[in-house]
Amino acid sequence: MGLPTLTLLLAAVGFWLMLPRGTSRGRLVGTVLAVVALGLGGSRMPLLGQWMADGMFVCLAAITVVSAGCAVTFRNPVYCAIWFGMSLLGTAGLFLLSGAQFLAVATIIVYAGAILVTFLFVLMLAQPEGKASYDRVSWEAPLAAAAGMVMVGVLSLAIGSVLAPVPAVKGDAAPSVLAAAEVATAIAREEAMSRHILSPDHVAGLGRELFGRHLIALEVAGMLLFVALVGAAVIVAQGRGEREPDGGER
Amino acid sequence: MPHEIALLHNYLIVGAVLFGIGAIGFLSRRNMIVMFISAEMMLQGVSLSLVAWSRFHNDFGGQMLVLFIIAIAACEAAIVLALVIALFQRRGNLDIAQWQFLREANQPEFREEPLPDESGERPEEWPHLPAAGVQPTVSPEEADYRASV
């Protein structure tokens, strides 16, 4: 119980020091604290037992989490967007590692290719010269860091308590008959696994599911995309139209 | 099957960490674009958990949900960026504190303190290009012509 709490405390203090506070003092200390917390947290991850899968997972997870931390704490919003793109690439790698090939590619195309580029366009339109004061001072950095890390702590506690009993039950199955049954179910399950999610024609199965069970949701999502497009055009046009009467407000 | 459980556990933890980091950014940053990036990061954390559960249960439902999350995120990005541009045209910057009059009546006002002096911080250094090649010589008549043009 002590080590996870210490990890979260270190991470919260590190994030507090790393977030923009108007001064650059303590950022290095914050970075060191956050990296130590990341190492402590990573060392407690259960390993899979295959060094290849472990190495891939650890590399991708480290890329994802470190880029996410950079994206939140950098002061220049352009760097934030670039680091967010890096984090998206890491997430796509994790998707791929988990067998979701189509989602990995869709994440890269839609998020990193479209949404991120739109962010960069808006930043280029709207970013003032030099560092803006609102990028250098944040709201309530200690409270925000504490709240975020408390959320991580509660979530990981819940995850641990949900997943912990299952391996213990599996470990108790000592009698040979039970073990044989276990092996049989494991083999059956492996077969089912290879039939469904991890099979080579994974994308075909995904499409069958998408256009079969979720056809109505798909149509609604298409409608929603169209409505969002029209809505965005309307919002921009109205904002421009109302600017002239109260233009002196800024 | 401890292997599957360990994989699920790792993915869920990474998803939770992404969610928490996004929450920190959303709560503390004041640039509207960075706030939106943080919100997208929280969505990524949830997507990671859903993909892990989908693999664990050997069911396409989680991946379907992530697919729809991506579609909704695209809609959301269009709307939010349109709103950000409209707000930027009203106030001239991306500071969310410009809109704090929308807060609840009993909340204290956020006052911007004057920034501490950044004397300890070096100014940004840009690379200097060394001079390369030789200065072209210009004949007197050409110089005269150029001056007249």
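How many salt bridges does the count come to over all chains? By the rule used here, a side-chain nitrogen of Lys or Arg within 4 Å of a carboxyl oxygen of Asp or Glu, the count comes to four.

## Before you start

This is a predicted model, in which local features need pLDDT of at least 70 and side-chain atom pairs count only at pLDDT 80 or more, while totals for chains, interfaces and linings use all residues. Residues are numbered from 1 along each chain as its sequence is written, chains are lettered from A and ligands numbered from 1 in the order in which they are written, and side-chain values use heavy atoms, with hydrogens and water left out.

## Salt bridges

Let's begin with chain B. Arg55(B) pairs with Glu4(B), with 3.7 Å between the closest N and O atoms. Arg55(B) lies in helix H2 (residues 32-57) of chain B and Glu4(B) in helix H1 of chain B, so the bridge ties together parts that are 51 residues apart in sequence. Helices here are DSSP runs (H or I, at least four residues), numbered from the N terminus. Both Arg55(B) and Glu4(B) are buried, where buried means under 20% relative accessible area, exposed over 50%, and partly exposed in between (1.4 Å probe, protein chains only).

Another bridge joins Glu142(B) and Arg146(B), whose closest N and O atoms are 3.1 Å apart. These two residues sit four residues apart in helix H4 (residues 140-148) of chain B, about one turn of the helix. Glu142(B) counts as partly exposed because its relative accessibility is 35%, and Arg146(B) counts as exposed because its value is 53%. In chain A, the side chains of Arg213(A) and Glu209(A) meet at 3.2 Å, N to O. Arg213(A) is exposed at 62% relative accessibility, whereas Glu209(A) is buried at 15%.

## The nonpolar core

The largest nonpolar core holds 81 residues, and Phe119(A), Ile33(B), Met41(B) and Leu94(B) touch the most other members. Such a core is a set of buried Ala, Val, Leu, Ile, Met, Phe, Trp, Tyr and Cys residues joined through side-chain atoms within 4.5 Å. H1(B) supplies the largest share of this core, 12 residues.

Setting aside residues up to four places away in sequence, Met41(B) touches Ala68(A), Ala71(A), Val72(A), Phe84(A), Leu18(B), Ile21(B) and Gly22(B); contact means heavy atoms within 4.5 Å. Ser87(A), in helix H4 (residues 77-97) of chain A, is buried at 3% relative accessibility. Beyond its neighbours within four places in sequence, Ser87(A) is in contact with Thr64(A), Ser67(A), Ala68(A) and Leu18(B).

## The pockets

The largest pocket has about 1300 Å³ of space. On a 1 Å grid over the protein atoms alone, a pocket is an open set of points where a 1.4 Å probe fits, with protein on both sides within 12 Å along at least five of seven lines, and lining residues have an atom within 4 Å of a point. Grid points are joined across faces, edges and corners, and the volume is the space filled by probe spheres set on them. Of the 46 lining residues, Thr7(A), Ala37(A), Gly41(A), Gly42(A) and Val17(B) lie nearest the centre of this pocket. H3(A) gives the most to the lining, 10 residues.

The second largest pocket has about 610 Å³ of space. Among its 26 lining residues, Ser138(A), Trp139(A), Glu140(A), Phe110(B) and Arg111(B) are the closest to its centre. H7(A) provides the largest share of that lining, three residues.
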